[in-house]
Amino acid sequence: MQPPRWKSSEPNQPAGVSSVPRIRVLLPLPLAAGAYDYRIPAGMAVQPGDFVVVPLGGRQVVGVAWDGPSDPDLPASKLRDVAGLLDVPPMTETLRRFVTWVAAYTLSAPGAVLRMAMSAPAALEPPPARAGWQLANAEPPSRMTPGRARVLAALRPGQVMAGAELAAAAGVSSAVVRGLADAGMLVPALLPPGRAFAPPDLALPGPVLGPEQDSAAAALRAQVAARDFGVTLLTGVTGSGKTEVYLDAVAECLREGRQALVLLPEIALSAQWLERFRRRFGVDPALWHSELGSKTRAKTWRAVAEGEVGVLVGARSALFLPFPDLGLIVVDEEHETAFKQEEGVVYHARDMAVVRARLAQATCVLVSATPSLETLNNVESGRYRHLDLPERHGAAGMAVVQALDLRKTPPERGRFLAPPLVEAIRETLARGEQAMLFLNRRGYAPLTLCRACGHRMRCPNCTAWLVEHRAQKRLQCHHCGHAEPIPPTCPECSAPGTLTPVGPGVERVVEEATALFPDARRIVMASDTIPGPAAAAAAAAAISDRQVDLIIGTQIVAKGWHFPGLTLVGVVDADLGLAGGDLRAAERTLQLLHQVAGRAGRAEAPGRVLMQTFNPDHPVMQALVSHDFEAFMHAEAAGRRPGHWPPFGRLAALIVSSEDEREADRAARDLGLAAPRGDGVEILGPAPAPLALLRGRHRRRLLLKARKDVQVQPLLREWLERVKLPNSVRVQVDVDPVGFL
Ligand SMILES: Nc1ncnc2c1ncn2[C@@H]1O[C@H](COP(=O)(O)OP(=O)(O)OP(=O)(O)O)[C@@H](O)[C@H]1O
Ligand SMILES: [Zn+2]
C-alpha cells in the first residue's frame with residue numbers, strides 16, 4: 001500500500017484499553033450494531049474519517065474509520081486487522097456527525113445513512129491516470145520534417161500533453177507524434193489530473209437588482225460572509241426574482257472560498273434554472289441526481305471530496321456529498337414534498353439541510369412563494385430570519401385569479417372544460433398568446449367501470465384503481481406498475497363492451513382540447529411524454545420559442561418555468577388535492593395551485609388564471625383569488641394549534657407491513673398494546689393504511705402524536721424494542737411524516 005496523500009505517516013495510538021491500537025469502523029450496511037472494532041496493524045496510521053478496507057465475514061468491505069471509544073470488553077484476540085487505507089480525502093468530522101445525527105433522528109442504522117454518503121463506490125478508487133507525451137533528452141532524429149519540428153516546439157521541457165492535444169497544437173496527424181516517439185524523441189508520461197469542473201466565473205456581471213432584491217441579496221451575502229450558522233426564509237411572489245437573489249449569495253460563498261449546495265425538488269425539470277446559472281457564472285454547475293451515470297457519479301463525488309466543486313445543484317441525496325467546507329445550502333421550493341424521502345432512510349431534506357448547515361457553520365436559505373407552515377412557524381418563533389420580495393420583477397403584475405364554479409357553468413356532458421374556460425383559451429390563442437391546462441392526473445381516466453354491473457377495475461397488488469392509458473391501450477397501477485390490456489368484456493359480469501372510462505386524466509383533456517382547438521400547436525407535459533432532463537429542456541425551449549400554443553400537463557407544468565408568452569392558466573380540477581382528509585391537504589393544494597398560477601403573465605402581457613371547482617368558497621380557492629397566502633396560513637395555524645398537530649406538536653408514524661394479512665394485523669395489534677403512554681403522548685391506530693395493500697403487502701399504520709416538548713426518538717426506540725416481530729413483518733418508522741398513505 002502506498003502512503004496516502006492525505007495524511008502524515010506518523011502511526012497513531014487511539015485511546016484503548018489494551019496496548020493493541022484499535023479503531024471503530026462504520027460500514028455502509030444497515031447493521032443495527034453500528035461501528036465495529038478493528039485492529040490497526042503496525043506501521044499503519046488510521047484516523048477517524050479515513051476510508052479503510054476491512055474484512056467482514058469472508059468479504060473485504062470499504063468503510064469509514066469512526067469516532068468514539070472502542071469496546072473495552074472485546075479481547076484483542078477477537079479483533080481483525082484493518083486491511084488497507086484508501087487514497088481518498090477523509091470524511092470530514094462535520095459529515096460524520098451529520099451521518100450520526102440523521103441516523104439518530106430517523107431511527108435508522110448509522111450504516112444505512114453512511115451508505116448514502118458513499119453512494120459512488122467507484123469514486124473511492126484513485127481516478128485512472130491518463131498517459132501523455134513529454135520531451136525526451138535525446139539527439140534530434142535524423143529525419144526532421146516541418147511537422148515533427150512543430151511537435152517538438154509545442155512542448156516545453158517537462159510539460160506533458162495528451163497525444164491528440166499535442167497533434168492538434170502542432171497541426172499534424174497523430175502518426176507524426178507516434179513517429180517521434182518511435183524515434184525516441186518523446187517519452188510517455190502521466191498527465192496531471194485535470195479539473196473535472198470548471199470554476200464559476202465570479203467576474204461576470206449579474207443582473208442589476210431592483211431595490212428590494214438588492215437589500216435581500218445584501219442581507220444574504222452578509223450572512224454568508226459571517227461564516228456562521230443561520231437560517232433565512234426567502235419568500236416572494238412567483239417571478240419576483242428569488243433565484244437571482246440567492247445566486248448572489250452563492251457568488252458570495254464562492255468568494256469566501258467555501259462550497260455552495262442548491263437543492264431543487266426536481267432536478268430533471270431544471271433546464272431553465274441551469275441556463276440561468278450558466279448565464280450568471282459562465283459554466284455549468286456540478287449536478288447530482290438519481291439519473292446520473294455511474295462514471296459521472298464517481299467523478300462528481302470525488303471532485304466534491306477534493307474541494308474542486310464550487311457549486312453543486314442536486315436532488316435531496318446531494319446533502320450527503322462530502323463537501324470539505326460547505327458555506328451555503330439553498331433549498332429552493334422548500335415546501336415541496338419531493339424533499340421527503342419515503343423509502344429506506346426516511347428523512348426530509350429541507351429539515352436535514354438545516355442540520356447540516358448548523359454542523360458546518362453555514363448559511364441555509366429556504367426559498368418559496370408559499371412556504372410550509374413548519375417554516376413559517378420557525379420564522380414566527382424567531383429561529384429563522386425572513387426576507388421578502390413583495391413584487392414581480394419588471395413590468396409584470398400578478399395574474400388575475402378566478403374560481404370557475406362548475407355548479408353554475410358545468411362543462412357539456414362527457415366534457416371536462418367549462419364554457420368560460422374554453423372561451424378564455426380561444427381568446428388567448430386568438431391574441432397569439434400561449435395557454436396552459438393543468439390536471440394533476442396521468443393517463444386517460446382514473447377509473448374504469450362496468451356500466452352493466454358496476455364493477456371497478458382494481459389493481460391486484462394495491463388498494464388502487466387501474467388508470468387507463470389510452471395510447472398504450474392498457475390499464476395501469478400508478479403505485480406498483482402493474483399493467484394489463486383493457487379487457488373486451490367485463491371480468492365480473494362478462495358483458496361485452498360495457499367498460500367505461502370515468503373522470504378525466506390529462507390524456508382525456510388533450511383529446512378534448514384537440515377537438516376544440518384543432519389548429520393550436522400542442523405539447524403534452526407528463527412523466528410519460530417528458531421522460532427525462534433532455535426532453536424537459538427541449539419542451540421548455542419549444543415553448544419559449546413560441547413553437548407551441550397550448551401546453552397541457554400534470555404537475556410538471558407547475559415547476560419554476562418562465563414562459564414569457566404564457567398568459568392563461570386553466571386548472572381543470574382545482575379540488576383534486578383536497579380529498580383524502582390529509583393533515584396538509586389544503587396547504588399542499590394551495591401551494592401547488594399557487595405555483596401553477598404563477599406561470600401566467602410573467603412578462604409584459606397580463607396573466608389570467610381560471611380554476612374549475614365545485615367549492616369556490618373553500619379557503620384554498622379564496623386565498624388564491626385574493627392572493628392572500630398569509631391569511632390562509634394563519635387560519636391553517638389556528639386550526640392545527642389546539643390539537644397539537646404539526647408544527648405545534650410532533651408526529652411519528654409506524655407502518656407495519658407483511659405479505660400475510662393476519663400477520664400484519666397481529667403485529668399492528670402487538671405494537672398497539674406495547675405503545676408508549678404518558679403525559680403529552682397519544683397513539684392513534686392501529687388502522688389499515690389508506691393504501692392498505694401496496695405491492696402485495698398488507699399495511700397497517702400507527703401514529704404517535706406528542707407534544708412539542710416530548711422527545712419522540714427515545715420513546716420510539718423503547719417501543720420497538722419491547723415488541724418481538726416475525727422477520728417477515730416490516731416496520732417502517734417515519735418521523736415527521738408528510739404523506740399519510
Ligand atoms: N433584477 C433582475 N434583472 C433582470 N431580470 C430579472 C431580475 N430579477 C428577476 N429577473 C428575471 O425575472 C424572471 C423571474 O425571476 P426568478 O425566476 O428569479 O423569480 P422567482 O421568484 O424565483 O420565481 P418562481 O417562484 O416563479 O420560480 C426570470 O426570468 C429572471 O431572470
Ligand atoms: Zn398496484
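Visitor: In this predicted model, which residue of S16 is the bridge partner of Gly236?
Guide: Start from strand S8, residues 230-236, which runs parallel to S16. Gly236 belongs to that stretch. Its bridge partner in S16 is Leu389.

Visitor: How many bridges join S8 to S16?
Guide: The pair Gly236 and Leu389 is one contact point between these strands. The two strands run parallel.

Visitor: Which strands are the edges of the open sheet?
Guide: The sheet has 7 strands, paired in parallel. Their order is S10-S11-S9-S12-S15-S8-S16. An edge strand here pairs on one side only. That picks out strand S10 (286-288) and strand S16 (385-389).

Visitor: What does the twist average from one strand to the next?
Guide: The pairing in this sheet is parallel. From one strand to the next, the twist averages 20°.

Visitor: What angle does helix H6 make with S16?
Guide: Helix H6, residues 211-225, packs on the sheet. It touches S8, strand S12 (326-332), strand S15 (363-368) and S16. Between the directions of H6 and S16 the angle is about 155°.

Visitor: Which residues touch the most other members of the largest nonpolar core?
Guide: That core holds 175 residues. Ile329 touches Leu261, Leu263, Ala353, Arg356, Ala357, Ala362 and Cys364, leaving aside residues up to four places away in sequence. Within the core, the residues touching the most other members are Val25 and Ile329.

Visitor: How many residues are in the second, separate core?
Guide: Its members include Met161, Val172, Met185 and Leu186. This core is separate, and its residue count is 11.

Visitor: How many Å separate the centres of domain 2 and domain 4?
Guide: The chain is divided into domain 1 (22-124), domain 2 (211-389), domain 3 (400-441 + 504-637) and domain 4 (649-735). The centres of domain 2 and domain 4 are taken over C-alpha atoms. The separation is 34 Å.

Visitor: What is the radius of gyration of the protein chain?
Guide: The chain has 19 helices and 31 strands. The globule rule gives 27 Å for 741 residues, and the chain's value is close to that, so it is as compact as a globular protein of that length. The radius of gyration is 30 Å.

Conventions
Residues are numbered from 1 along each chain as its sequence is written. Chains are lettered from A and ligands numbered from 1 in the order in which they are written. This is a predicted model: local features need pLDDT of at least 70, side-chain atom pairs count only at pLDDT 80 or more; totals for chains, interfaces and linings use all residues. Helices (H or I, at least four residues) and strands (E, at least two) are DSSP runs, numbered from the N terminus. The radius of gyration is taken over C-alpha atoms; the globule rule is 2.2 Å times the number of residues to the power 0.38. Domain bounds come from an automatic or database domain assignment. Two strands pair if DSSP finds at least two bridges between them. Axes are lines fitted to C-alpha atoms, for helices over the stretch in contact, and angles run from 0 to 180 degrees between N-to-C directions. Two residues are in contact if their C-beta atoms, placed from the backbone, lie within 7 Å. A nonpolar core is a set of buried Ala, Val, Leu, Ile, Met, Phe, Trp, Tyr and Cys residues joined through C-beta atoms within 7 Å. A residue is buried if 20 or more other C-beta atoms lie within 10 Å of its own, exposed if 12 or fewer, and partly exposed in between; C-beta atoms are placed from the backbone.
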